[in-house]
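Here is a short tour to read with the model open beside you.

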Amino acid sequence: MTGQVFRNGAGGRIDRTVPLSFTFDGKNYQGFQGDTLASALLANGVRVVGRSFKYHRPRGILGAGFEEPNALVQLGDGARTEPNTQATRVELFDGLTATSQNRWPSLQFDISAINGLFHRLLPAGFYYKTFMAPANLWMTYEKIIRRAAGMGRAPTQMDPDIYARRFAHCNVLVIGGGPAGVSAALAAGQSGARVILAEDNPQLSVSETELADMDNVTVLTRTMAAAYYDHNTLILSERIADHKPAPAPFETRQRMWKVRAQQVVLATGALERPLVFPNNDRPGVMLASAAQCYAADFAVRAGNQAVVFTNNDSAYGAARDMKAAGIDIAAIIDTRPEISDSTRELATNTKVLTGHAIIDVASGRGGATRGVTLKAIHPDTGAPKGSPIDIACDVVAMSGGWNPTIHLFSQSKGKIKYDGARAAFVPGQSFQQERSIGAANGTFDHEACIIEGHNAGAAAARDVGFDAPDARTSPSGIPPAAQPLWSAPTGAKRFVDFQNDVTADDIGLAYREGYQSVEHLKRYTTLGMGTDQGRTSNVNGLAIMADHRRLDIPEVGTTTFRPPFSPITLGGIAGWHTGQNFEATRQSAMSAWHEAQGATFSNAGLWRRPEYYPRTGMTPAEAVHHEARHVREKVGVVDVSTLGKIDVQGRDALEFLSRVYINNLTKLPVGKCRYGVMLREDGFVFDDGTITRLAEMRFLVTTTTTHAGPVMTHLEYLAQVQWPELDVHLLSVSEDWAGIAIAGPNSRTLLSQLFQDVDFANEAFPFMGYRETNAGGVPVRLFRISFSGEHAYELNVPADYGLNFWTALLETGADLDVIPYGTEAMNILRIEKGHVTGAELNGRVTADDLGFAGMMSKLKPFVGQVLARRDALTAKGRRQLVGLVPADGETPIPAGAQILADPDAPPPEFTPAAILGEVTSNCYSPALGHPIGLGLVEDGSDRHGDTLYAHSPITSETVAITLTNPVFVDPAGGRLHG
Amino acid sequence: MLHIACPWCGLRAQSEFTYANDGTLIRPDLSNDSIDDHYNYVYARDPRRGIQDEMWRHSAGCGQFLKVRRDTLTHEIHATGAPQDDLDVPKDDRS
Amino acid sequence: MVDLNLSRSALDGVFTQGAFGAAGDPGVTLSERRGGALLDLSTGDIDATRRAIATQFGVDLPTKSGRTATGDACRALWTGPGHWLIKTAPKPNLERAWADAARNSAVNDVTHGRIVLRIKGPSARDILAKGCPLDLHPTAFPTGACAQSLIGKINVTIDCLDADEFDITTGRAYAKSLWAWMTGAAAEYGYRVE
């Protein structure tokens, strides 16, 4: 055990009294409380942390935060494992396990690194070029490429953790807890505004007790702003328990905030750019700010001897901090011909070589950096010249300047602009109620950031009506730090996008092949794609393309930044809505009873409905047939609570219903029901149900279960928008009333026993009659209607009584042999009776197609009437409802089959014109003792008796079928009316 | 992710609303049995790249339909009102 | 003869009293409000209806979104223009009594079509904010306010009774889903069921 040989004994923001053990690729290491995985690995001298995506080159840690493209690791194992996490943002905890990605079979010996030797075979666009043909081999290629590419493993077990969603509203939302962001939050908070401050790190960069004491300010740490959507809606991902081995019992792991802010202040900082030079991806080459951060915050030396390579002043501060931490600075190499005296002062006692550049990085054991080669460069062209100089080092700390983090600003539809002086894209005109400040706005001076933050926070609060502190004056005349772009014009493997392995040569190739627009460049080379989203590569890549095209960078343009800013978990997105809770379910008052009987369930919209009740010694099919047969012979009860029920009241209730149903309703008296059909405005059938007149100006209409919502919306639209002059009040009462259908020859006797004060005689309570009664203080609605074709009733009781009435019917009817039946038997019964349901009401049938033409009133206008007259809806050759029986009397009719005239015709999927119709419903009929079906067939009403063929393209069966009247059972209606 | 000002309930999240229809449609009069007029009401639409009037419903709120003047390019909402409101008339001047 | 007058809660079988979730002082207490009556009142003649109801039942029906009003024995929540949810004590022929008072209006007894859950305690607003897109800050949603919105994809009416006390009304068929959501959302704060 070598220990933390690169850790200093003092300094940093770590807690040395809390040592933590962790493993990386199976080896044990130690770190301290406050470490990130990256800082702890560096402290232990681990230099190679992954392999690159395409060439499998060894890679080390490049950055110290969001910008990290290389150090993507797989965290944990089992159900909690998580791929593609940035080691620079993973907080160390005791027992953490991490493994490197993009390696096969091991990090030290990687078979795919051979790609590096044959890199000419894998140029930019290699997916498109190599694997174009034959297309069907792509699947094979893809498997090999995916394994070689690694990309981590998704967990295969259920996620054991809890994720939450959280809605929040505030006056001012500040993103970023650096000096500018804290200053903005403070100023806004002092005004009394409701403020949320979100910071990705575990703590704010400055400790601010005043902020913590404000009740109106919510500080969210470990919270990443992932997305900025319309109307100032932002998505924040808060990591509550990721810094622990596992969440505490009942603790939420991550919380996804959906914040609606009146004003937003973006203080998202800036990310340092790498420099582009040969072999700039060797482990040990890192951003100067990262080396500085490890030295200052974690007391970790990124190496023993460093070369600092820069094109701007900021790296001099980094060199100073690195030196203070004990790193030997071999030299500062500056591409600029001259630097200012004040800059030079920062590097006292350090060798500074201006007008020079690194032209190669030498690697030693495991690919890690062991030295650099420099040359002087031409002051105008940047081309290397003269004799090479070698310097030994194990760290190259590079700085290519700074990119303001404008991703959220860009997502907000703000216009970004190129700032030549800063050589960076900066926020331009805001589109939403938003302000960008500090480094995110290209302001790199510390004092200026604080003042800018204060002024933005105060102004944001003032804009929404708060009395905010006065603006402060910025120190004037601070020029933006000049940072001229530079990249090595030639040489091998000059990496621009580390995560996607895109080199300067790849951009040159894209240019030569005509992929010159920034959008084409991105897709051809994959520059700026993936989780990295071009955080380190964007400007360098554009600069190289601009150079090829001899344009300025703004003329080349930039791509749009898409959410999320950095990956978020699927668990966080789903929140509560997984598994059983994916959708809400609706349950009737009798649901628990059905469950207790072992019924199976099917979904109808959000409702769960019992399909059938299992019976000992019977197969499921036998149990269903038993239920159906029993209803025809004796009596059964079925839960019909799910049917849509709409209470319609008002002086114009009748007029309103007359306009929406095809039926003539004027003669419908109080105490009577009618079967009704409504059309859509386009003339096709919308829905069917019953209309019951409860009182002179009050109706109850029913809808099919699945159309209840759409019908209600349709009716409300007409009532509110098109006919507001009508006095009509609509209310869905579907859930107020439990519904039970009682069907079968014994149904009358059963109900007579339960409701002794109701006269069930045919004359007193005829078919399509309606009665109200009161049973033991419970109001009961009784409808003599039938879906099964049997003598039947529907009973509605207030829902809390539903279960009691259900069991009372079963108890009272025990002598009459009553049984419960489910939706499967109900379906058989209605097919036997030729009643249509969703399978036939498919949105393409007219009332005439279903044989309802006679219901269409000619005495009044109604919705859909005019367009139903269109030629195509009335022409000959329309598919009409028919009954189907197998010609041999026994072969089941295949579900969903196409109906053909010629059984030997080519498969109908290739000859649509040969299809005469389709099978819409099919079942075995217990009443008839053979299979039956319903179908829609061209001119079907005229074809009763014809033999056609039902062909299933799925099972390839072809069955000869005879067309019949769709009413198989009791066509005269004696059972209904008896 | 829109926030829509319901004329009755005020600014609410988009998830409470459902898009319903084109906001400019007037159903042909009941006495009108012209197929062309009904055809235009049902099918003819003029979707804009820019500002258009739409009909939404505050389905998880007060249940009322409302007119929404929305920019389809930017998702900005410039005005809302009751179905019978003229959105060209400033809100405070509507009767 | 069986007794038909036996009503059951939509939460029968899932509602268990006791303390659940995270240890320590419970963040909220959850309970079902049973025994009250609910009426849905809708009118096209708002002024006349308000006068009649004020005279008859002593409550000034609110005319603005988000408002409630409490009368002698009832509480009225604005649910739409000319539309209210009335919470009152159950009585025989309740629907008829209100319909007789509010002429030219539509009255429905919706006691059985809805369930009312009460959430009370210091974490109540935090829990509701996990699924409700409304601004539930005390300044935006104070005592006496009401609103219709969503909780975890379920339509609800929220009635703020006190600083940390709310009645949540939803459709009866959604009762178990909403209860699952409420208990799931409350678990991290700890909750009591009463």
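## Where chain A meets chain C

On chain A, 43 residues are in contact with 41 residues of chain C; two residues are in contact if their C-beta atoms, placed from the backbone, lie within 7 Å. On the side of chain A that touches chain C, at least two residues each come from β8 (162–175), β32 (644–649), β36 (729–732) and α22 (802–812). These names follow DSSP runs numbered from the N terminus, with helices (H or I) of at least four residues and strands (E) of at least two.

By residue type, that side of chain A divides into 18 nonpolar, 13 polar and twelve charged residues. Here Ala, Val, Leu, Ile, Met, Phe, Trp, Tyr, Cys and Pro count as nonpolar, Asp, Glu, Lys and Arg as charged, and the others, Gly among them, as polar.

## How the model was read

This is a predicted model, in which local features need pLDDT of at least 70 and side-chain atom pairs count only at pLDDT 80 or more, while totals for chains, interfaces and linings use all residues. Residues are numbered from 1 along each chain as its sequence is written, and chains are lettered from A and ligands numbered from 1 in the order in which they are written.

The model scores ipTM 0.98 and pTM 0.94. For chain C, the mean pLDDT (the predictor's confidence in each residue, from 0 to 100) is 96, and 99% of its residues reach 70 or more.

Within α13(A), the buried residues are L521(A), K522(A), Y524(A) and T525(A). A residue is buried if 20 or more other C-beta atoms lie within 10 Å of its own, exposed if 12 or fewer, and partly exposed in between, with C-beta atoms placed from the backbone. The cover over the buried residues of α13(A) includes β28 (502–503), α12 (504–512) and α14 of chain A.

Just after α13(A) comes T526(A), with a positive phi of about 70°. T526(A) lies in the loop between α13 (518–525) and α14 (538–549) of chain A, and counts as buried because it has 21 C-beta neighbours inside 10 Å.

## Two more backbone details

Most residues other than glycine have a negative phi, and most peptide bonds are trans. A299(A) is not a glycine, yet its phi is positive, about 55°. You will find A299(A) in the loop between α7 (288–298) and β16 (305–310) of chain A; with 25 C-beta neighbours inside 10 Å, A299(A) counts as buried.

Which residues does a cis peptide bond join? They are P563(A) and P564(A), with omega about -5°. P564(A) sits in the loop between α15 (553–556) and α16 (570–574) of chain A.
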